[in-house]
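This report looks at one protein model and the ligand placed in it. Look at the structure below before reading on.

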Amino acid sequence: MKDLSHTSFQTRAVHAGERVPPADYTPVTSPIWPTVGYLYESMDDLDAVFAHSKPGQVYLRYSNPTVEAFETAIANLEGAEAAQAYGSGMAAIHAALLGAGVKAGTSVVAALDVYGATYTLLNNLFAGMDVNVRMVDVTNHDEVESAIKEMGATVLFVESISNPLLKVADIPVLAERAHRHGASLLVDSTFASPYLVNPLAHGADFAIHSATKYLSGHGDVLAGVIATSRENKNKLFETNKLVGAVLGPFEAWLALRGLKTLPLRMKQQCESALQVAKWLQSQRRVKKVNYPGLTDHPQHTLAKRLFEEKGYGGVLSFEIKGADKAGVFRFMESLKICLPATTLGDVYSLVLHPATSSHRSLTAEERARVGISDGLVRLSVGIESVDDILSDLETALAKG
Ligand SMILES: Cc1ncc(COP(=O)(O)O)c(C=O)c1O
């Protein structure tokens, strides 16, 4: 800090207390660094930082120490060389597609059953920019491979556990089939989180998360992140310096704090979700339950192997017998503990009607093709007492 003793009150109000040199002690938790710019006593040092020949920070759109702490933690938990954070999960998905080489004239093969905004990003925004997009049943590996081969696809995009139908992607097989034809495998692993699976260890090239969900876990931050190789990270970093889809330091700090309890929350949520799924299956008002932990789920054996018996995630979906949109709305309004809110992966139990929210941007025909009916409800199981969740569902089912 420069000497302010001969300056006016007005000048001291601006500069006093600022730019104290780093202290010789280490805080236990990563501090929040809300600064946009950095002061260098030597302009040569700043020049060297810009040139990447000296480590350092220059500008908040480039990088930030709190965001870097979050990226380091994600890279560690995903077993990746590096990670790049974004202001939302959708920003991360968009960046990963571009980073993997998607541009006009290229092709993308994607799972039919993906988050609605991802579906629309591919089929409206990217398709509108001359990218060829084909949506396939990701559990049919021959269909996936022929689509990649026929189209000469640059990217295969899947969700490790799909939203909202809970299909499980066989990441090792899909990675092998994609690589055989020169395509990269991008895995949105939001539902599984690194607690259940590390997609890169199974051959994926990019593991993407909406960190808004399980990673942060408390419903108070919007964030996204990509775990990948150092080479890919460098490309993503350079692009994001231009695009500016950055995560802010306050959000990064919240996400980093959330991460600390990820294993505890996921363990509880996996156990409770399995119990809720089994209970729902026994209910006469419930037509069908989608949950990979159920033994009759088509990818149950795969899920057991891929997730190493740690659990099957905290989200499930189910259809209420004979219920149309109005019937589902009545059911959702009758719930007292499970909150009808448009998100998932929080400590709170949350219900959502995919047809009118997460998958609203799809046409009715597209939803029918994916398999999302008006009677489908998505439930993200929180960390409340499972008995309270069950009794809430029981009361609302009786009313709905
Ligand atoms: C599987 C999945 N991926 C990506 C996203 C987008 O994340 P965000 O809302 O953080 O942009 C969502 C949001 O619900 C999601 O469910």
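## The shell around the ligand

Sorted by class, the residues around the ligand are seven nonpolar, six polar and three charged. The model is a predicted one. The shell has 16 residues, and the closest to the ligand are G89, M90, D188, S210 and T212. Helix α4, residues 89–99, supplies three residues, the largest share of the shell.

## Polar atoms at the ligand

In M90 the backbone is involved: an N or O atom of the backbone is 2.9 Å from an oxygen atom of the ligand. In D188 a polar side-chain atom lies 2.6 Å from a nitrogen atom of the ligand. T212 also places a polar side-chain atom 2.6 Å away, here from an oxygen atom of the ligand.

How much of the ligand does the protein bury? The ligand taken alone exposes 390 Å², and the protein buries 92% of that.

## Helices α3 and α10

Another part of the model is the pairing of helix α3, residues 65–78, with helix α10, residues 249–259. The two axes come within 8 Å and cross at roughly 35 degrees. This crossing of α3 and α10 is left-handed.

On the α3 side, the contact is made by T66, V67, A69, F70, A73, I74 and L77. On the α10 side, P249, A252, W253, A255, L256 and L259 take part. Which classes of residue make up this contact? Twelve are nonpolar, one is polar and none is charged.

Key:
Residues are numbered from 1 along each chain as its sequence is written. This is a predicted model: local features need pLDDT of at least 70, side-chain atom pairs count only at pLDDT 80 or more; totals for chains, interfaces and linings use all residues. Side-chain values use heavy atoms; hydrogens and water are left out. Axes are lines fitted to C-alpha atoms, for helices over the stretch in contact, and angles run from 0 to 180 degrees between N-to-C directions. Helices (H or I, at least four residues) and strands (E, at least two) are DSSP runs, numbered from the N terminus. A crossing is left-handed if the near helix is turned anticlockwise from the far one by less than a right angle, and right-handed if clockwise. Contact means heavy atoms within 4.5 Å. Ala, Val, Leu, Ile, Met, Phe, Trp, Tyr, Cys and Pro count as nonpolar, Asp, Glu, Lys and Arg as charged, and the others, Gly among them, as polar. A residue is near a molecule or strand if one of its heavy atoms lies within 4 Å of it. A polar contact is a pair of N or O atoms within 3.5 Å; within protein, one must be able to donate a hydrogen and the other to accept it, and residues adjacent in sequence count only if both atoms are side-chain atoms. Accessible areas come from the Shrake-Rupley method with a 1.4 Å probe; for residues, only the protein chains shown count as cover.
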